[in-house]
Amino acid sequence: LRLARAGSPLLLGSRERERAGAVAGELEQALGGPGLVTGAANAEVAEAAQILFVTLPHDAVAATVEPLRRSLAGKVLVSTAVPMEFRDRLPYPLPVAAGSAAQALERSCPGTRVVAALHTVSGPRLADLDSAIEEDTLVCADDAPAKAEVGRLLATITGLRPLDAGPLAAAALVEPLTPLLLRLNRLHRAQTGVRITGL
């Protein structure tokens, strides 16, 4: 929603083309105008898009992207997944053999340019277009041009500041911030985010 409002055309993917089209229509209604968001099957999105945001639960990522490997080769994949579980209604980070969800995505799709971002930005806040965002997102990648490209795109979202947080391996440090923020949200009944000072 925020990217489309900033002028980026969006192609929304789903396993079911009809479902993608229906959701795209709902998003266009929220934005107040047609032509901003289009729905398509995942395979069509993989072929057409150059920057792809993988906004799936961590345990669903591999099964979704692996069949699309050939189409995704050379493209920028933005990993937003956070490996975590809930115990006694509290979130806990989960260890990942690859080091992080972003690194696991890279293993699932060799030849892609994986960038980790948006882990600490509240989904509900992003979806509420009347809510102001004044926070940072930590961006990790081994591919410097891909990191810069994603940073420029995210910077079009008013109030969001993308910060270079180092190589993709640093995603292992960033992803666990999400369970912490979820706990703060519950404790303070808020929608918390991250702001790095001194930069």
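**Note on strand pairing, salt bridges and cysteines**

1. Strand S7 (residues 113-116) and strand S8 (residues 135-141) pair in the antiparallel sense, over two bridges. Two strands count as paired where DSSP finds at least two bridges between them. Helices (H or I, at least four residues) and strands (E, at least two) are DSSP runs numbered from the N terminus. Across this pairing, Ala-116 stands opposite Cys-140 in S8.

2. On the basis of the values: this is a predicted model, in which local features need pLDDT of at least 70 and side-chain atom pairs count only at pLDDT 80 or more, while totals for chains, interfaces and linings use all residues. Residues are numbered from 1 along each chain as its sequence is written, and side-chain values use heavy atoms, with hydrogens and water left out.

3. Strands S7 and S8 belong to an open sheet of five strands, in the order S3-S4-S7-S8-S9, with mixed pairing. Its edges are strand S3 (51-54) and strand S9 (160-164), each of which pairs on one side only. From one strand to the next the twist averages 30 degrees; the axes are lines fitted to C-alpha atoms (for helices over the stretch in contact), and angles run from 0 to 180 degrees between N-to-C directions. As background, strands of a sheet pair through backbone hydrogen bonds, either parallel or antiparallel.

4. A parallel pairing joins strand S1 (residues 10-14) and S2 over five bridges. Within it, Leu-11 has Thr-38 of S2 as its bridge partner. Strand S2 (residues 37-41) is mostly covered, four of its five residues being buried. Buried means under 20% relative accessible area, exposed means over 50%, and partly exposed lies in between (1.4 Å probe, protein chains only).

5. How many salt bridges does a search of the whole structure find? The search finds seven, a salt bridge being a side-chain nitrogen of Lys or Arg within 4 Å of a carboxyl oxygen of Asp or Glu. One of them joins the side chains of Glu-44 and Arg-17, at 2.9 Å from N to O. Glu-44 lies in helix H3 (residues 42-48) and Arg-17 in helix H2 (residues 17-31), so this pair ties together parts that are 27 residues apart in sequence. Glu-44 counts as partly exposed at 34% relative accessibility, and Arg-17 likewise counts as partly exposed at 46%.

6. The side chains of Arg-87 and Glu-85 also meet in a salt bridge, at 2.5 Å from N to O. Arg-87 is partly exposed, with a relative accessible area of 39%; Glu-85 is partly exposed, with 29%.

7. Arg-161 is in strand S9 and Asp-136 in strand S8, so the pair ties together parts that are 25 residues apart in sequence. Asp-136 is buried, with a relative accessible area of 0%, whereas Arg-161 is partly exposed at 24%. Salt bridges link Asp-136, Arg-161 and Arg-195 in a network.

8. The structure holds zero disulfides, a disulfide being a pair of cysteine sulfur atoms within 2.5 Å.

9. A polar atom of the Thr-112 side chain lies 2.6 Å from the backbone oxygen of Cys-109. Not counting residues up to four places away in sequence, Thr-112 touches Leu-72, Ala-73, Gly-74, Lys-75 and Leu-77, where contact means heavy atoms within 4.5 Å.

10. Is Arg-107 buried or exposed? Arg-107, which lies in helix H6, is exposed, with a relative accessible area of 59%. Its contacts, not counting residues up to four places away in sequence, are Arg-69, Ala-97 and Ala-98. Arg-107 and Ala-49 are 58 residues apart in sequence and 20 Å apart in space, C-alpha to C-alpha.

Definitions and conventions: Polar contact = N/O pair within 3.5 Å; in protein donor to acceptor, adjacent residues only side chain to side chain.
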